Amino acid sequence: MATDLRNKPCGGRYGDIIEAIGHTPLIELKRLSPKPGVRLWVKLESRNPTGSVKDRVARSLILDAEDKGLIRPGQTILEPTSGNTGISLAMICARKGYRLKVVMPDNVTPERTELLRMYGAEIVYSEGSKGSNGAVELALDMAAKDSAYYMPYQYGNEANPNAHYNGTALEILEELDEVSAFVAGLGTGGTLMGNGRRLKEELGDKVKIVAAEPMQGEPVQGLRSLDDGFIPPIIDIGLLDRKIFVTNEDAIVWTRKLLDEEQLFVGVSTGAIARVAVRIAGELDEGNVVFIAADDGSKYFSSGIYTRPIEEIENLDSTVWW
Amino acid sequence: MAPTAAANDKNLKGNMATIKIPPVLRPAVGGEREISADGENVGEILRAVVEEHPSTSAQLFGSDGDLNRYVNVYLNDEDVRVLDGLDTTVGTGDTLVILPAMAGGAL
């Protein structure tokens with residue numbers, strides 16, 4: 001029998017799996033913290049039902065569309081995604097009776113394809129050399145040609161950051177009275193914008209909002225011109241205090257470090273985010289640094305990153321890791 | 001939370017910086033992956049690049065003279081847009097990395 005139970009006895013009681021999204025644990029990483037006065041915390045978003053932070057976003061996108069009367073049962077939802085959002089949407093759409101078609105680059109890890117198929121989603125592959133930009137471009141084109149699709153478009157839909165503004169950030173504030181820095185990955189920008197806005201509103205400018213972003217390998221930088229670049233419309237760069245890139249190699253080194261030193265089994269983006277979080281923690285004298293673990297490592301098994309020496313990992317630069 | 005000691009050293013002037021060029025921009029600099037240019041801050045260095053390689057001008061800068069919105073320039077590994085933009089001081093030994101703005105991945 002548990003004694004001295006300081007934490008909630010369970011994650012709560014819910015009517016169904018969609019309601020159970022969120023309420024993830026906040027875990028202190030004492031071994032990785034570079035200074036005694038600085039406490040490092042990870043918000044373990046891999047504990048969501050499909051294993052990633054995107055469950056929050058997908059639920060918010062679908063509920064928002066339902067509230068606005070934009071979708072009806074049986075309709076096909078179309079979304080560009082390199083994985084996690086698609087997997088989350090697939091679970092939620094299966095539960096709610098929508099069809100789902102996802103557009104994703106053909107060079108993502110095979111586990112993503114399996115998970116999407118498992119939940120019944122249809123996959124349209126975009127050219128891998130164009131990275132996520134290629135998936136966005138193809139999905140926008142498909143939606144423009146067929147009005148039967150409903151595209152939530154996580155890159156430009158405020159329901160994405162609102163999932164964090166009304167969820168993740170409130171959960172963090174419930175556990176910590178003070179946050180000196182919040183670190184998350186920059187993809188669509190939803191995690192950083194939603195958490196950033198809420199944390200700044202509640203704690204003021206003393207909380208620094210820090211973006212860790214992937215430095216994509218050259219093989220997936222296949223743009224014809226810099227004008228073919230893409231900035232998600234929901235991103236307000238003015239909200240960011242720091243924006244730091246992490247190479248694929250460093251991201252994997254830190255993913256392994258989280259495993260070896262803190263026994264955290266997380267995906268590659270979390271390695272990158274942890275690297276930045278530890279650096280920021282090292283620049284502080286005291287305070288709480290919170291970072292997001294976006295997903296667990298199960299989608300990356302086939303790459304061998306958890307057991308093989310880094311120099312033996314294939315396609316390090318031609319894979320879209322996160 | 002300073003980016004680097006070198007970046008904050010206001011006494012440094014006219015530093016030779018290394019600039020890493022993304023594949024999309026290499027044809028405009030004679031195929032080089034890495035070039036050097038002199039300047040005290042990011043703006044001066046990029047303008048020196050344009051002077052040496054005029055066809056980079058339309059890719060690097062918008063018509064308003066500011067950075068092209070789809071170009072990210074990093075001082076070592078930090079985006080200069082959240083530092084002091086084109087006025088960000090560049091110190092000895094610093095590297096500027098130019099990268100295209102791309103959609104995020106799995107996040």
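Does B:Ser57 count as buried, exposed or partly exposed, and how many C-beta neighbours does B:Ser57 have inside 10 Å? In this predicted model, B:Ser57 has 15 C-beta neighbours inside 10 Å and therefore counts as partly exposed, since that number falls between the 12 or fewer of an exposed residue and the 20 or more of a buried one. The residue lies in helix 3 of chain B, which covers residues 57–60. B:Arg47 stands 10 residues from B:Ser57 in sequence, and the two C-alpha atoms are 8.3 Å apart in space.

The chain around B:Ser57 can be described next. Chain B holds 3 helices and 5 strands, and read from the N terminus its elements follow the order α-β-β-α-α-β-β-β. Of its 107 residues, 45% count as buried, and among the contacts in chain B that link residues at least 6 apart in sequence, 58% join residues at least 24 apart.

Two packed helices are described by the angle between their axes and the distance between the axes. Helix 1 (residues 54–67) and helix 5 (residues 159–175) of chain A pack with their axes 8 Å apart and at an angle of about 115 degrees, and these two helices of chain A are therefore roughly perpendicular to each other. The crossing of helix 1 of chain A past helix 5 of chain A is right-handed. On the side of helix 1 of chain A, the contact is made by A:Arg56, A:Val57, A:Arg59, A:Ser60, A:Leu61 and A:Asp64, while helix 5 of chain A contributes A:Ala159, A:Asn160, A:Asn162, A:Ala163, A:His164, A:Gly167 and A:Thr168. By class, the residues of this contact divide into 4 nonpolar, 6 polar and 3 charged.

Helix 2 (residues 84–96) and helix 3 (residues 110–118) of chain A pack at an angle of about 15 degrees, with 9 Å between their axes, so helix 2 of chain A is roughly parallel to helix 3 of chain A. Their crossing is left-handed, and the contact is made by A:Gly86, A:Ile87 and A:Ala90 of helix 2 of chain A together with A:Arg112, A:Leu115 and A:Leu116 of helix 3 of chain A. This contact has 4 nonpolar, 1 polar and 1 charged residues.

In the loop between strand 4 (99–105) and helix 3 of chain A sits A:Thr109, which is buried because 22 other C-beta atoms lie within 10 Å. Leaving aside residues up to four places away in sequence, A:Thr109 touches A:Lys299, A:Tyr300, A:Ser302 and A:Ser303. A:Pro36, by contrast, is 73 residues from A:Thr109 in sequence and 38 Å away in space, C-alpha to C-alpha.

Two further helices of chain A remain. Helix 6 (residues 190–203) of chain A has 14 residues and reaches 19 Å from its first C-alpha to its last, close to the 20 Å expected at 1.5 Å a residue. Its buried residues, among them A:Leu192, A:Met193 and A:Leu199, pack against helix 1, helix 5, strand 6 (181–185), strand 7 (208–215) and strand 9 (287–293) of chain A. After helix 6 of chain A comes A:Gly204, with a positive phi near 80 degrees. Helix 8 (residues 268–283) of chain A has 16 residues and spans 24 Å from its first C-alpha to its last, close to the expected 22 Å, and this helix is mostly covered, with 13 of its 16 residues buried.

Conventions: Residues are numbered from 1 along each chain as its sequence is written. Chains are lettered from A and ligands numbered from 1 in the order in which they are written. This is a predicted model: local features need pLDDT of at least 70, side-chain atom pairs count only at pLDDT 80 or more; totals for chains, interfaces and linings use all residues. Helices (H or I, at least four residues) and strands (E, at least two) are DSSP runs, numbered from the N terminus. The expected span of a helix is 1.5 Å times one less than its number of residues. Axes are lines fitted to C-alpha atoms, for helices over the stretch in contact, and angles run from 0 to 180 degrees between N-to-C directions. Angles under 35 degrees count as roughly parallel, over 145 as roughly antiparallel, 65 to 115 as roughly perpendicular and the rest as oblique. A crossing is left-handed if the near helix is turned anticlockwise from the far one by less than a right angle, and right-handed if clockwise. Two residues are in contact if their C-beta atoms, placed from the backbone, lie within 7 Å. Ala, Val, Leu, Ile, Met, Phe, Trp, Tyr, Cys and Pro count as nonpolar, Asp, Glu, Lys and Arg as charged, and the others, Gly among them, as polar.
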